[in-house]
Amino acid sequence: IAKVKVPVLIVQGGRDIQISEADARALKAAQPAAKLVLIPAANHVFRAAASDDRMAQTKLYADPTIPVVPELTPAIVEWINKLR
């Protein structure tokens with residue numbers, strides 16, 4: 001990521017059981033110009049998770065009717081608008 005020459009948005013869920021916040025922060029450190037957005041309740045697929053328990057999150061991965069966390073879309077829109 002350090003060599004990337006285009007704008008970068010890193011979005012990290014606080015309940016992500018696949019990628020850690022430390023990983024997201026490492027990406028940000030390697031690309032200081034990147035925008036890092038942390039969404040505390042989001043899991044890896046940006047759905048609200050009540051815990052870090054893998055079994056409890058199974059439905060969040062499998063059920064397409066569960067919406068993404070409401071913070072995701074505004075964060076992306078804000079980032080895109082700042083590119084103009």
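This is a predicted model: local features need pLDDT of at least 70, side-chain atom pairs count only at pLDDT 80 or more; totals for chains, interfaces and linings use all residues.
Fold. I read the elements from the N terminus as β-α-β-α-α, that is, three helices and two strands. I find that the C-alpha trace spans about 40 × 25 × 15 Å along its principal axes. Of the 84 residues, 29% are buried. I took the contacts with a separation of 6 or more and found that 57% of them join residues 24 or more positions apart.

Charges. I have 11 positive and 8 negative charges, with mean positions 10 Å apart. I then looked up the salt bridges and found three.

Arginine 15 and aspartate 52. I see an N to O distance of 3.4 Å in this salt bridge. Arginine 15 sits in the loop between β1 and α1, and aspartate 52 in the loop between β2 and α2, so the pair ties together parts 37 residues apart in sequence. Both are partly exposed, arginine 15 at 27% and aspartate 52 at 44%.

Glutamate 21 and arginine 25. I see 2.9 Å, N to O, for this pair. The two are four residues apart in helix α1, about one helical turn. I have glutamate 21 as partly exposed at 35% and arginine 25 as partly exposed at 42%.

Glutamate 78 and lysine 82. I see 3.2 Å, N to O, here. This pair is four residues apart in helix α3, residues 72-82, again about one helical turn. Glutamate 78 is partly exposed at 40%, while lysine 82 counts as exposed at 61%.

How values were computed: Residues are numbered from 1 along each chain as its sequence is written. Side-chain values use heavy atoms; hydrogens and water are left out. Buried means under 20% relative accessible area, exposed over 50%, partly exposed in between (1.4 Å probe, protein chains only). Contact means heavy atoms within 4.5 Å. Lys and Arg count as positive and Asp and Glu as negative; His and the chain ends are not counted. The place of a charge is taken as NZ of Lys, CZ of Arg, CG of Asp or CD of Glu. A salt bridge is a side-chain nitrogen of Lys or Arg within 4 Å of a carboxyl oxygen of Asp or Glu.
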